[in-house]
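Keep the sequence and the model side by side.

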Amino acid sequence: MMSGEIDFRELTDLSKEEKYRAVLPQISSLIKGEENKTANLANIVSVLKYTFDYYLWAGFYLTDEQRKDELVLGPFQGKVACTRLKFGNGVCGTAAERKETIVVEDVNLFPGHIFCDTESKSEIVVPVIKKGRTAAVLDIDSGISGAFDDTDKKYLEELIKKTEYLF
Ligand code: SME
């Protein structure tokens, strides 16, 4: 499937849940038949960023193959971001270490939150678990406080399940 086949205008009036339900099958079609991780992760974050207007930054951090306690910046959409994050530090590193999704309503209240963009107000991080280890995290920031909720968590976790084969 060509990315040009996704008509983002058709999604404008849908609710958050309807948008996820519309876009997840489209992402599956988009990555089907392509094994390259970088290409697929790049297209996934592009679709997400251009679907959800409350997203400020969306990207993957991948566990470094050599330094296994570090996440290194992968495909993303948005402004220049921190290149490396340590497991256990910040929202990404904490989600990577705990192997669970973290939803942060107010980034100022998350101990150790790492600012890559001062405009960021809330954040969700969903880890990719492969063979019991965190292989990557999907990190999304919003410029709006409390932008992410259980709907984002449910559908982004569903999406991440579909990408595990790439890692
Ligand atoms: N806020 C993240 C750092 C990554 S940037 O948001 C892109 C954190 O605390 O881990």
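Q: Which residues does Phe8 touch, not counting residues up to four places away in sequence?
A: Contact means heavy atoms within 4.5 Å. Phe8 sits in the segment before helix H1 (16-31); helices (H or I, at least four residues) and strands (E, at least two) are DSSP runs, numbered from the N terminus. Leaving out residues up to four places away in sequence, Phe8 touches Val47, Tyr50 and Thr51.

Q: What kind of model is this, and how are its residues numbered?
A: This is a predicted model, where local features need pLDDT of at least 70, side-chain atom pairs count only at pLDDT 80 or more, and totals for chains, interfaces and linings use all residues. Side-chain values use heavy atoms, with hydrogens and water left out, and residues are numbered from 1 along each chain as its sequence is written.

Q: How far apart are Phe8 and Val47 in space, C-alpha to C-alpha?
A: In sequence, 39 residues separate Phe8 and Val47. Val47 is one of the residues that Phe8 touches. From C-alpha to C-alpha, the distance is 8.9 Å.

Q: Is Phe8 buried, partly exposed or exposed?
A: The classes rest on relative accessible area: buried is under 20%, exposed is over 50%, and partly exposed is in between (1.4 Å probe, protein chains only). Phe8 has 28% relative accessibility, so Phe8 counts as partly exposed.

Q: Which residues does Ile144 contact, leaving aside its neighbours within four places in sequence?
A: Ile144 lies in the loop between E6 and helix H4 (150-163). Its relative accessible area is 47%, so Ile144 is partly exposed. Leaving aside neighbours within four places in sequence, its contacts are Tyr54, Lys121 and Ser122.

Q: Which cysteines form a disulfide?
A: A disulfide is a covalent bond between the sulfur atoms of two cysteines. Here the cut-off is a pair of cysteine sulfur atoms within 2.5 Å. A search of the whole structure finds 1 disulfide. Its sulfur atoms are 2.2 Å apart, and its partners are Cys82 and Cys116.

Q: Where in the chain do Cys82 and Cys116 lie, and how many residues apart are they?
A: The pair links distant parts of the chain. Cys82 is in the loop between strand E2 (70-77) and strand E3 (84-86). Cys116 is in the loop between strand E4 (102-104) and strand E5 (122-130), and the pair is separated by 34 residues.

Q: Which cysteine is in no disulfide, and how far away is the nearest cysteine sulfur?
A: The cysteine is Cys92. Cys92 is buried, because its relative accessible area is 5%. The nearest cysteine sulfur belongs to Cys116, at 7.6 Å.

Q: How many of the 9 residues of H3 are buried?
A: H3 is mostly covered. Its buried residues are Gly90, Val91, Cys92, Gly93, Thr94, Ala95 and Ala96. They pack against E1, E2, E3, E4, E5 and E6.

Q: Which element gives the most to the lining of the largest pocket?
A: A pocket is an open set of points on a 1 Å grid over the protein atoms alone, with protein on both sides within 12 Å along at least five of seven lines; lining residues have an atom within 4 Å of a point. The largest pocket holds about 400 Å³ and is lined by 16 residues. Strand E1 (57-63), helix H3 (90-98) and strand E6 (133-142) each supply at least two lining residues. With 3 residues, the most comes from E6.

Q: Which element gives the largest share of the lining of the largest cavity?
A: A cavity is a set of grid points where a 1.4 Å probe fits but cannot get out. The structure holds 1 cavity of 30 Å³ or more, with about 170 Å³ of space; a volume is the space filled by probe spheres set on the points, which are joined across faces, edges and corners. Its lining has 20 residues, with Ile114, Cys116, Glu123, Asp139 and Asp141 nearest the centre. The largest share, 4 residues, comes from H3.
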